[in-house]
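This report concerns the surfaces along which parts of a protein model touch. Please look at the sequence and the structure before reading on.

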Amino acid sequence: MSVLVYTESEGGAFKKVALELTSYAKGVANAMGGEVTAVSINGGNAADLGNYGADQVMEINDATLETFNAKNYAAALAQAAKAAGAKTVVVSSSANSKYLAPLLAVELGAAYAPNVVALPESTSPMKVKSTVYTNKAFAINELKTDVTVIGLAKNAYGLHENSAAAAASAFGVELAGDNGVEVTSVDKATDKVTIADAEVVVSGGRGLKGPENWNLIEDLADTLGAATACSKPVSDMGWRPHSEHVGQTGKPVASNLYIAIGISGAIQHLAGINSSKVKVVINTDPEAPFFKAADYGIVGDAFDVVPRLTEKLKQFKANNA
Amino acid sequence: MKILVCISHVPDTTSKINFTDNDTQFDTNGVQFVINPNDEFGLTRAMWFKEKQGATVHVANVGDASAEPTLRKALAIGADEAIRVDAPATDGYFVAKQLTKVAQDGGYDLIIAGRESIDYNGGMVPGMMAAMLGANFVNTCINLEVDGSDATAVREIDGGKESVKTSLPLVIGGQKGLVEESDLRIPNMRGIMMARKKPLHVVAADAAEAHAATAAFEKPAPKGAVTMVDPENLDQLIELLHNEAKVI
Ligand SMILES: Cc1cc2nc3c(=O)[nH]c(=O)nc-3n(C[C@H](O)[C@H](O)[C@H](O)COP(=O)(O)OP(=O)(O)OC[C@H]3O[C@@H](n4cnc5c(N)ncnc54)[C@H](O)[C@@H]3O)c2cc1C
């Protein structure tokens, strides 16, 4: 019996989420009494996965898979899952994994449980806890199929070191030539940390008064190596790109630290950022609803507080480097 | 072009989420239901195809009769016909299976669903439909153009976006960006009157077993009190983030 884990990579190295996912797969495998088989598509060094619990690594190196294509990737993973006799396949909550998981589930005749936040409550029958109602509640789902696909919620499990063999072997796949969707161009900032991957997110709301003041947000974010985000009205007014809109109708945030500046904390905003572990709120209004959802709060004017905070953090970083 | 827009009937974003029956059922008491926001962007884009390219637009929902006002709203916005598959939406797989049957029976060229519904957030219905139909699929779609049987789309990826070329039949997992917030339409009196006369077909569900069942719901544990920091004492905040929260 094995747990298959899709370990995502970028530029020939495994992403951090791949290590988290391998740790999680190890936890599931322990509960089931099975082994962890990682699948790496044009990926990194198999030994890296051994440190987190991969017993085997199926290495797929195929030119067709050089750029991501949901259909081909799902087909490759399904072939690997069948070859490994996997009972459970674990995928992440990245945009690509969420794209391919439903295709993979259909291919395997498997139930798919996305946004799972913890190890299974039981593995026979498979019962997993996931977020629903955009983080306003959890559901315990019982999966009824023999094979299952579990999508781990962002930053939900963390890294757990395990020592395993990570025995690597090449795995060949057969793919359809025409996959129906051809990428013509990619527009991606490579020098900036994304909201999806960021450990720290600095987010600005209407309280910042206009796009010309975003240097406050950016300077603080740069100091912390953070991604920048914003509330919905800020993106609707075109102060910031839509891709920075976080909340119930925007992107979810599950960072370790979320700093909200000049954001009131409307229910739709909170729903999307609730999975962040520690929340800091800076707002002039002591009655702002966000303080009720915060861990640390400062009642103050962003234009006064944020530049001073950035300076102090720079010193802190220099002293702790 | 024949378009099917899949409409999920969900609690309004301001809803308080509570459960009844020993935490096994969603408490609909005092909850207002709306068209799922991601679906509304898709529906509005479909209206554009109707007005500019002469497309026919049908909407479909899997659910009980309580979803009909939501379908009527979609008709009032401008959809031509509505279909309700009369069955509880037990899980994403079951819903995808039902909508796939609707799509096959109706012979649609383009199927627009939302990236996810804001109740279960499963995000699996469009992808599963595409796989079951053998159609092309673009998820987290923020732009869509159709020319004959060719389509171009833009997909949001982590940290950016990607342009793709594809063809019909096509399934889209849509979201904001397909149209702008300001393009969304509030039905006017004329639309509402016309919607009353438009067909709303109720069809029986196709036999299918759900893949998953919700055994119980839980609410998040209440949060501890916030620690307030004096704006003149930012060193304290840094100290707390470093030593107490351990996040910097
Ligand atoms: C269907 C629907 C979906 C929605 N989805 C989302 C979503 O996904 N994400 C989202 O964010 N919103 C969403 N909203 C909007 C949400 O209801 C709020 O309107 C929005 O989050 C408010 O944004 P804000 O906090 O930036 O602005 P405001 O509510 O205007 O708050 C600005 C805050 O800044 C503070 N402030 C002012 N000046 C300063 C200063 N100098 N220094 C510090 N603080 C200052 C004010 O005290 C205030 O609290 C949605 C709404 C609807 C109806």
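The model is predicted. In it, 69 residues of chain B are in contact with 78 residues of chain A. The residues on the side of chain B that touches chain A comprise 34 nonpolar, 18 polar and 17 charged ones. One of the salt bridges links Lys176(B) to Asp236(A), with the closest N and O atoms 3.0 Å apart. Several elements of chain B give two or more residues to this side, including helix 4 (125-133), strand 9 (136-147), strand 11 (160-167) and helix 6 (234-244).

Strand 13 (residues 182-188) of chain A and strand 11 of chain B run antiparallel and are joined by 6 bridges. Within strand 11 of chain B, Val164(B) is the bridge partner of Val183(A).

Chain A itself is assigned two domains, domain 1 (2-170) and domain 2 (200-320). Their centres, taken over C-alpha atoms, are separated by 32 Å. Domain 1 of chain A contributes 5 residues to the contact, and domain 2 of chain A contributes 10 residues.

The table sets out the values for the two contacts.

| Parts | Buried area | Share on carbon and sulfur atoms | Salt bridges | Residue pairs in polar contact (both at pLDDT 80 or more) |
|---|---|---|---|---|
| Chain B and chain A | about 6600 Å² | 59% | 8 salt bridges | 34 residue pairs |
| Domain 1 and domain 2 of chain A | about 700 Å² | 39% | 0 salt bridges | 6 residue pairs |

On the side of domain 1 of chain A that touches domain 2 of chain A, the residues divide into no nonpolar, 3 polar and 2 charged.

Note on methods: Residues numbered from 1 in each chain as written. Chains lettered and ligands numbered in written order. Predicted model: local features only at pLDDT ≥ 70, side-chain atom pairs only at ≥ 80, totals over all residues. Heavy atoms only, no water. Contact = heavy atoms within 4.5 Å. Buried area = accessible area lost by both parts, 1.4 Å probe. Salt bridge = Lys/Arg side-chain N within 4 Å of Asp/Glu carboxyl O. Polar contact = N/O pair within 3.5 Å; in protein donor to acceptor, adjacent residues only side chain to side chain. Helix = DSSP H or I, 4+ residues; strand = E, 2+ residues; numbered from the N terminus. Nonpolar A, V, L, I, M, F, W, Y, C, P; charged D, E, K, R; others polar. Pairing = 2+ DSSP bridges. Domains from an automatic or database assignment.
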